[in-house]
Amino acid sequence: MVTNQLITHIDAARQRGIAILGDTGRKAMMQISMPVLAETGVIDVCRLIEFSDGANTRRGIVRANNVSVNWPTVRQTLTVEAAV
């Protein structure tokens, strides 16, 4: 439980609660390079994805995407924020 004498309005209490609940532990920014496939297309920023990191399956939020074209290959490099 978190209390503070200066929080006297519901809006301030809600913002403090969001900050407390959003602190979910250690996170890492990971880079994933993959082709742009017909099934996935260009993956949007803020999209929740699941990917395999060796033996681990992780979920993360796409924070950035960089698309590069070297004809006939189109690749995207995703920056994903995932729990460690």
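This briefing describes salt bridges, a pocket, a surface patch and some local backbone features of one structure.

The model is predicted, so local features need pLDDT of at least 70 and side-chain atom pairs count only at pLDDT 80 or more, while totals for chains, interfaces and linings use all residues. Residues are numbered from 1 along each chain as its sequence is written, and side-chain values use heavy atoms, with hydrogens and water left out. A search of the whole structure finds six salt bridges, each being a side-chain nitrogen of Lys or Arg within 4 Å of a carboxyl oxygen of Asp or Glu. Helices (DSSP runs of H or I, at least four residues) and strands (runs of E, at least two) are numbered from the N terminus.

**Salt bridges**

- Arg-63 and Glu-81 form a salt bridge whose closest N and O atoms are 2.6 Å apart. Arg-63 lies in strand β3 and Glu-81 in strand β4, so this pair ties together parts that are 18 residues apart in sequence. Through salt bridges that share partners, Lys-27, Arg-63 and Glu-81 are joined into one network.
- Asp-53 and Arg-58 meet through their side chains in a salt bridge of 3.0 Å, N to O. Arg-58 counts as buried at 17% relative accessibility, whereas Asp-53 counts as partly exposed at 31%; here buried means under 20% relative accessible area, exposed over 50%, and partly exposed in between, with a 1.4 Å probe and protein chains only.
- Asp-11 forms a salt bridge with Arg-14, with 3.5 Å between the closest N and O atoms. Both residues lie in helix α1, three residues apart, which is about one turn of the helix. Asp-11 is partly exposed, with a relative accessible area of 43%, and Arg-14 is also partly exposed, at 48%.

**The largest pocket**

- The largest pocket holds about 160 Å³ of space, where a pocket is an open set of points on a 1 Å grid over the protein atoms alone, with protein on both sides within 12 Å along at least five of seven lines, and lining residues have an atom within 4 Å of a point. The volume is the space filled by probe spheres set on the points.
- Its lining includes Lys-27, Arg-63 and Glu-81, and β3 (56–70) and β4 (73–83) each supply at least two of the lining residues. The largest share, four residues, comes from β3.
- By type, the lining divides into four nonpolar, three polar and five charged residues.

**The surface patch**

- Val-42, Val-67, Val-69 and Trp-71 make a nonpolar surface patch of about 450 Å², a patch being made of residues with over 30% relative accessible area and no salt bridge, with nonpolar side chains joined within 5 Å and like charges within 9 Å.
- Val-42 lies in the loop between β1 (27–35) and β2 (48–53), and this residue is partly exposed, with a relative accessible area of 43%.

**Local backbone features**

- A cis peptide bond, with omega about 10 degrees, joins Trp-71 and Pro-72, and Pro-72 is found in the loop between β3 and β4.
- Cys-46, in the loop between β1 and β2, has a phi near 75 degrees, which is a positive value in a residue other than glycine. At 60% relative accessibility, Cys-46 counts as exposed.
- Thr-8 lies in the segment before α1 (10–22) and counts as exposed at 71% relative accessibility.

How values were computed: Areas by Shrake-Rupley, 256 points an atom, 1.4 Å probe, with all protein chains shown as cover. 1 Å grid on protein atoms, 1.4 Å probe; cavity = no way out; pocket = protein on both sides within 12 Å on 5 of 7 lines; lining within 4 Å. Nonpolar A, V, L, I, M, F, W, Y, C, P; charged D, E, K, R; others polar.
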